[in-house]
Amino acid sequence: MAKSQQRDYYEVLGVARTATVEEIKAAYRKCALKWHPDRHPEDKADAEVKFRESTEAYSVLSDAEKRQVYDTYGHAGLSGAGGGVDFSGTIFQDFHDIFGDFFGFEDLFSGGRGGGGRSRRARRGSDLRYDMSLTFEEAATGVNTKIKIPRQEFCAACNGTGAKAGTGVVACQTCAGRGQLAYQQGFFTITRTCPACQGAGQIVKERCTECRGQGRVEKERIIELRIPPGVDTGTRLRVQGEGEPGPNGGPTGDLYVVLDVKEHPYFERRGADLYCTIPISITQASLGVELQVPGLGSEEKLKIPEGTQSGAVFRVRGKGLADPHGGGKGDLYYHVRVLTPTKLTREQRKLIEQLGTSLKVENKPAERGSSLFDKVKDIFG
Ligand SMILES: [Zn+2]
Ligand SMILES: [Zn+2]
């Protein structure tokens with residue numbers, strides 16, 4: 001190992017000489033991820049050098065004894081022991097602790113650990129998404145419905161193997177049945193999943209005609225779905241275990257039903273509360289009136305007292321939407337707008353003029369905070 005141009009280990013990891021073991025570990029993790037050869041396909045050789053350099057720095061600085069030797073004697077102290085840095089020890093176990101199953105590290109070092117052929121690993125199946133449109137009323141009351149979901153299922157004809165009945169499988173020639181290919185790249189043995197058999201290590205002799213060798217077929221499943229009342233656009237319902245089956249016997253994914261609720265012509269929704277605007281005439285506002293107004297699923301009686309101002313809001317408690325999470329119900333608000341007549345007949349004009357002579361309003365600005373508009377009034381109770 002050439003020592004002439006060796007960089008300082010602390011400098012390599014970018015840590016202070018007083019760095020703690022944790023800081024060194026974190027710094028190394030960053031370096032290793034940055035210089036992982038898989039991330040530099042265009043310049044693998046250079047990345048590998050940097051990767052090795054940081055690994056070497058880590059292996060020394062993470063070991064209290066070696067670190068002390070290095071701090072005292074520098075690189076010379078370590079090479080003096082003969083054989084330089086020992087990579088065959090626990091360093092590869094450390095990788096697993098630091099990175100877990102992070103991309104390719106297991107592959108990258110499987111040569112170093114003497115790992116053999118990789119078995120087919122069970123994985124969780126994909127989640128599926130289904131977009132569903134609901135009317136406002138359906139969302140308000142909730143619905144029980146059935147949906148058809150196309151999804152991949154194991155082919156029953158070949159039991160998921162992809163091989164035509166009675167023909168079986170043969171070992172993959174590309175990888176000699178190992179499921180992976182090993183490349184020697186300088187210091188490392190890098191293993192890759194075999195592209196010919198996708199890591200299975202075997203290929204079918206004759207393809208199953210049902211699934212064309214895929215081992216899976218697309219099937220339509222009918223799923224019963226209970227949509228709770230009060231759902232809104234963007235509500236996501238999770239149906240556990242109705243996604244796609246996991247490869248190699250892994251658990252099934254989930255199905256997510258994403259809702260889109262159509263708008264209502266009258267009601268505007270704010271959370272579980274509903275708002276509706278009711279136009280009334282100036283005489284109704286002046287004298288009071290009792291109106292039948294649309295409610296959610298039924299009509300409501302709206303009593304407008306005499307002298308109601310435009311902008312007054314009346315609340316009917318508990319007549320809004322349900323909380324789909326099981327809380328209470330929202331309220332229903334009626335917002336009254338007094339319509340000023342725009343097209344008057346000659347007679348109407350005369351009547352209003354007469355009214356005008358006896359009705360006086362002082363047209364000076366209202367004081368701030370004065371309640372020109374009525375506060376929310378509860379209709380019942
Ligand atoms: Zn099949
Ligand atoms: Zn293969």
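**Salt bridges, zinc site and cores in a predicted model**

Aspartate 260 has a relative accessible area of 34%, so this residue counts as partly exposed. The structure in which it sits is a predicted model. Aspartate 260 forms a salt bridge with lysine 262, and the closest N and O atoms of the pair are 3.5 Å apart. Lysine 262 is also partly exposed, because its relative accessibility is 43%.

The whole structure contains 18 salt bridges. One of them joins glutamate 11 to arginine 7, with 3.5 Å between the closest N and O atoms. Arginine 7 is partly exposed, with a relative accessible area of 32%. Another joins arginine 221 to glutamate 153, where the closest N and O atoms are 3.8 Å apart. This pair links distant parts of the chain: arginine 221 belongs to strand E7 (residues 216–227) and glutamate 153 to strand E2 (residues 143–154), 68 residues apart. The two partners fall into separate accessibility classes. The cut-off for buried is under 20% relative accessible area; glutamate 153, at 15%, therefore counts as buried, whereas arginine 221, at 28%, counts as partly exposed. Salt bridges also form a network, which links Arg124, Asp127, Arg238 and Asp254.

The next feature is the metal site. Which residues are the protein donors of the zinc ion (ligand 1)? They are Cys155, Cys158, Cys208 and Cys211, each through its SG atom, lying 2.3 Å from the ion. Along the chain, these donors follow the spacing C-x2-C-x49-C-x2-C. Cysteine 208 and cysteine 211 are both buried. Why is the arrangement around the zinc ion (ligand 1) tetrahedral? The four donor atoms subtend angles of 104 to 114°, and four donors count as tetrahedral if all angles lie between 85 and 135 degrees. For comparison, the ideal angle for four tetrahedral donors is 109.5 degrees.

The remaining topic is nonpolar packing. In soluble globular proteins, nonpolar side chains tend to be buried together. The largest nonpolar core here has 22 residues, and those with the most contacts inside it are Tyr9, Leu13, Val15, Ile24, Val60, Leu61 and Tyr70. Two or more residues of this core come from each of helix H1 (9–13), helix H2 (21–34), helix H3 (44–61) and strand E5 (188–193). H3 gives the largest share, six residues. Leaving aside residues up to four places away in sequence, isoleucine 24 touches Leu13, Val15, Ala19, Tyr58, Leu61 and Arg67. A second, separate core has 20 residues, among them Ala285, Ile304, Leu321 and Tyr334.

Definitions and conventions: Residues numbered from 1 in each chain as written. Chains lettered and ligands numbered in written order. Predicted model: local features only at pLDDT ≥ 70, side-chain atom pairs only at ≥ 80, totals over all residues. Heavy atoms only, no water. Core = buried A, V, L, I, M, F, W, Y, C linked by side-chain atoms within 4.5 Å. Buried < 20%, exposed > 50% of the residue type's maximum accessible area, 1.4 Å probe, protein only. Helix = DSSP H or I, 4+ residues; strand = E, 2+ residues; numbered from the N terminus. Contact = heavy atoms within 4.5 Å. Donors = N, O, S within 2.8 Å, 3.2 Å for Na, K, Ca; no water. Tetrahedral: all angles 85-135°; square planar, octahedral: opposite > 155°, others 65-115°. Salt bridge = Lys/Arg side-chain N within 4 Å of Asp/Glu carboxyl O.
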